[in-house]
Amino acid sequence: EIIEIGEKVYQSGVSSGIRPEAWDSLRSTRVFLKSPVTTPQGGGFKSLNVTTRKALGLFANVRPVSTLTPYVASKHQMDLVIVRENEEDLYAGIEYRQTDQTYECLKLVTRKGCEKIVRYAFDYAVANGRKKVTCFSKDNIMKMTDGLFHKTFDEIAKDYPQIQTDHYIID
């Protein structure tokens with residue numbers, strides 16, 4: 001089934017970029033093959049990517065990264081998988097205008113969301129024969145939000161003693 005999403009749908013007045021009948025198709029087929037979609041800037045348009053992630057429970061962005069040697073020359077050998085949370089944090093999309101010159105974007109992090117993505121990363125590691133899971137945070141600055149994420153990581157890591165862990169500050 002082909003569904004139309006994105007720019008033409010936004011221009012027709014649907015602020016989410018996806019019509020109700022498209023949701024019906026996605027829920028019945030459980031298939032969504034899409035190319036990059038542009039969300040118009042300004043004007044109160046919701047990000048179609050964030051909208052579909054939240055509606056379909058696509059909380060984990062999983063990106064395998066590997067060097068393609070000997071086919072592609074590279075100075076570095078890489079074999080890693082990035083698992084990133086897709087629904088919370090700044091992806092909540094909650095913004096406010098405080099004054100005509102000041103705007104605020106809220107970073108929302110829940111214990112439940114942290115547990116969900118951290119456990120997903122460890123389960124992925126076990127299922128795919130990975131030896132190590134690394135936590136990246138900025139808990140030196142965002143002590144409460146990223147601190148909760150780091151603390152949750154350390155707690156859940158105890159359930160996976162066969163997996164090595166470490167933590168790095170992103171700055």
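The model shown is predicted, so local features need pLDDT of at least 70 and side-chain atom pairs count only at pLDDT 80 or more, while totals for chains, interfaces and linings use all residues. Residues are numbered from 1 along each chain as its sequence is written, and side-chain values use heavy atoms, with hydrogens and water left out.

View A. A salt bridge is taken as a side-chain nitrogen of Lys or Arg within 4 Å of a carboxyl oxygen of Asp or Glu, and the structure holds 9 of them. Lysine 132 counts as partly exposed at 44% relative accessibility, whereas aspartate 166 is buried, with a relative accessible area of 18%.

**View B. A salt-bridge network of Asp89, Lys107 and Asp146.** Lysine 107 forms a salt bridge with aspartate 89, in which the closest N and O atoms are 2.5 Å apart. This pair links distant parts of the chain, with lysine 107 in the loop between β4 (102–105) and α4 (111–127) and aspartate 89 in the loop between β2 (79–85) and β3 (95–99), 18 residues apart. Lysine 107 also meets the side chain of aspartate 146 in a salt bridge, at 3.0 Å, N to O. Since aspartate 146 lies in helix α5 (residues 145–157) and lysine 107 in the loop between β4 and α4, this second pair ties together parts that are 39 residues apart in sequence. Aspartate 89 counts as partly exposed at 24% relative accessibility, while aspartate 146 is buried, with a relative accessible area of 9%.

**View C. The ring pair of phenylalanine 59 and tyrosine 120.** Rings of Phe, Tyr and Trp (its six-membered ring) pair if their centres lie within 6.5 Å, and planes under 30 degrees apart count as stacked, over 60 as edge-to-face and the rest as tilted; by this rule the count comes to 4 aromatic pairs. The rings of phenylalanine 59 and tyrosine 120 have centres 5.6 Å apart and planes at 85°, so the pair is edge-to-face. Phenylalanine 59 lies in the loop between α3 (48–56) and β1 (60–66) and tyrosine 120 in helix α4, so the pair ties together parts that are 61 residues apart in sequence. Phenylalanine 59 is buried, with a relative accessible area of 14%, whereas tyrosine 120 is partly exposed, with a relative accessible area of 31%.

**View D. The ring pair of phenylalanine 122 and phenylalanine 153.** With ring centres 5.4 Å apart and planes at 40°, the pair is tilted. The two residues link distant parts of the chain, phenylalanine 122 being in helix α4 and phenylalanine 153 in helix α5, 31 residues apart. Phenylalanine 122 is buried, as is phenylalanine 153, and ring pairs link Phe122, Phe153 and Tyr160 into a cluster.

Technical notes. Helices (H or I, at least four residues) and strands (E, at least two) are DSSP runs, numbered from the N terminus. Buried means under 20% relative accessible area, exposed over 50%, partly exposed in between (1.4 Å probe, protein chains only).
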